[in-house]
2 protein chains.
Amino acid sequence: MLEAIQALAGPTRFSILRMIRWEEMSAGDIAGQFKNMTRPAVSQHLGVLRKAGLITERRAGTSRMYSLRPEGFAQLKILLEDFWDPRLMKLKAAAEKEENKRRRKK
Amino acid sequence: MLEAIQALAGPTRFSILRMIRWEEMSAGDIAGQFKNMTRPAVSQHLGVLRKAGLITERRAGTSRMYSLRPEGFAQLKILLEDFWDPRLMKLKAAAEKEENKRRRKK
DNA sequence: CTTTTATTTTAGTTGACACTTACGTAAGTA
DNA sequence: TACTTACGTAAGTGTCAACTAAAATAAAAG
């Protein structure tokens with residue numbers, strides 16, 4: 001889980017994620033967007049993002065297409081919500097306790 | 001904004017945030033939870049978290065009390081939702097389709 | 001004013017990570 | 001087959017962030 005946050009924390013990787021936010025892109029096209037950075041460097045970042053579960057890879061001929069993996073971000077969102085507002089969390093916990101009580105009555 | 005993500009990415013800082021998740025703690029108490037780490041090190045991490053807007057500092061006598069700052073996490077949550085929410089993605093795609101139609105009419 | 005307590009700040013060291021260059025690989029093409 | 005395209009992987013290097021130790025600061029107590 002921390003792996004995903006660390007992947008997100010790199011400025012280059014963050015830019016990559018913004019690029020493929022709406023539609024998949026090839027590794028070459030992604031690297032082409034960067035000035036002053038070699039293609040292997042971008043490839044390594046793509047590897048980090050993939051290992052972190054934030055993107056998926058699809059092979060198309062000699063190209064590799066990368067796209068966002070919503071599941072990865074969903075998990076991060078859940079994680080952040082736990083920090084979001086502790087008071088709300090307490091209320092939610094209480095509500096769920098109530099819910100369970102009701103279920104057990106059946 | 002990236003600053004907050006980078007702050008969150010450090011394992012030590014992540015632990016600190018979990019500690020003060022429910023209630024404020026003094027710098028000393030926080031540092032006391034860590035084995036194999038000096039107090040200055042923890043203090044530096046607290047500084048990073050504060051600069052990133054994730055925690056707030058309150059002075060009480062010679063102690064400094066730290067607590068979570070929900071606003072900081074709220075912004076992060078919004079950021080992630082932009083990557084995650086499929087409904088937003090669909091809306092954007094539809095908007096671009098419209099945009100293309102308009103262009104072709106010229 | 002001096003001492004104590006709690007903590008930050010400064011200075012300096014070291015390990016991890018982001019690069020580059022060079023090489024390897026897999027799929028398409030002549 | 002040999003060549004080209006589009007990549008990833010390996011090895012080496014420099015930079016930066018996390019740490020420690022020592023000094024500075026700030027508030028309370030004596």
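A residue is near a molecule or strand if one of its heavy atoms lies within 4 Å of it. The model is predicted: local features need pLDDT of at least 70, side-chain atom pairs count only at pLDDT 80 or more, and totals for chains, interfaces and linings use all residues. Residues are numbered from 1 along each chain as its sequence is written, chains are lettered from A and ligands numbered from 1 in the order in which they are written, and side-chain values use heavy atoms, with hydrogens and water left out.

**View 1. Protein surface around DNA strand C.** DNA strand C is surrounded by 22 residues, and the closest are Thr38(A), His45(A), Arg39(B), Ser43(B) and Tyr66(B). Sugar or phosphate accounts for 65% of the atoms of DNA strand C within 4 Å of the protein, and bases for the rest. At least two residues each of the surface near DNA strand C come from α2 (11-19) and α4 of chain A and from α3 (27-32), α4 and β3 of chain B; helices (H or I, at least four residues) and strands (E, at least two) are DSSP runs, numbered from the N terminus. The classes in this surface are six nonpolar, 13 polar and three charged residues. Ala, Val, Leu, Ile, Met, Phe, Trp, Tyr, Cys and Pro count as nonpolar, Asp, Glu, Lys and Arg as charged, and the others, Gly among them, as polar.

**View 2. Polar contacts to the phosphates of DNA strand C.** A polar contact is a pair of N or O atoms within 3.5 Å; within protein, one must be able to donate a hydrogen and the other to accept it, and residues adjacent in sequence count only if both atoms are side-chain atoms. From chain A, an N or O atom in the side chain of Thr38(A) is 2.4 Å from a phosphate oxygen of DNA strand C. Thr12(A) has a polar side-chain atom 3.1 Å from a phosphate oxygen of DNA strand C.

**View 3. Protein surface and polar contacts at DNA strand D.** Of the 22 residues around DNA strand D, the nearest are Gly28(A), Ser43(A), Tyr66(A), Thr38(B) and His45(B). Among the atoms of DNA strand D within 4 Å of the protein, 60% belong to sugar or phosphate and the rest to bases. The surface near DNA strand D holds six nonpolar, 13 polar and three charged residues. Arg13(B) has a polar side-chain atom 2.9 Å from a phosphate oxygen of DNA strand D. An N or O atom in the side chain of Thr62(A) is 3.2 Å from a sugar or linking oxygen of DNA strand D. In the side chain of Gln44(B), an N or O atom is 3.3 Å from a base oxygen of DNA strand D. Two or more residues of the surface near DNA strand D come from each of α3 (27-32), α4 (39-51) and β3 (63-68) of chain A and α2 (11-19) and α4 (39-51) of chain B.

**View 4. Sheet of chain A.** Three strands of chain A form an open antiparallel sheet in the order β1-β3-β2. Its edge strands, β1 (25-26) and β2 (55-60) of chain A, each pair on one side only; two strands pair if DSSP finds at least two bridges between them. Two bridges join β1(A) to β3(A) in the antiparallel sense, and Met25(A) stands opposite Tyr66(A) in β3(A).

**View 5. Strand pairing in chain B.** Strand β1 (residues 25-26) of chain B pairs with strand β3 (residues 63-68) of chain B in the antiparallel sense over two bridges. Tyr66(B) in β3(B) is the bridge partner of Met25(B). Strand β2 (residues 55-60) of chain B runs antiparallel to β3(B), with six bridges joining them, and Thr56(B) stands opposite Ser67(B) in β3(B). In the hairpin of β2(B) and β3(B), two residues lie between the strands, and Gly61(B) in the turn has a positive phi of about 65°.

**View 6. Aromatic pair Phe14(A) and Phe83(B).** The structure holds four aromatic pairs over all chains. Rings of Phe, Tyr and Trp (its six-membered ring) pair if their centres lie within 6.5 Å; planes under 30 degrees apart count as stacked, over 60 as edge-to-face and the rest as tilted. Phe14(A) and Phe83(B) form an edge-to-face pair, 5.8 Å centre to centre with 85° between the planes. This pair joins two chains, because Phe14(A) lies in helix α2 of chain A and Phe83(B) in helix α5 of chain B.
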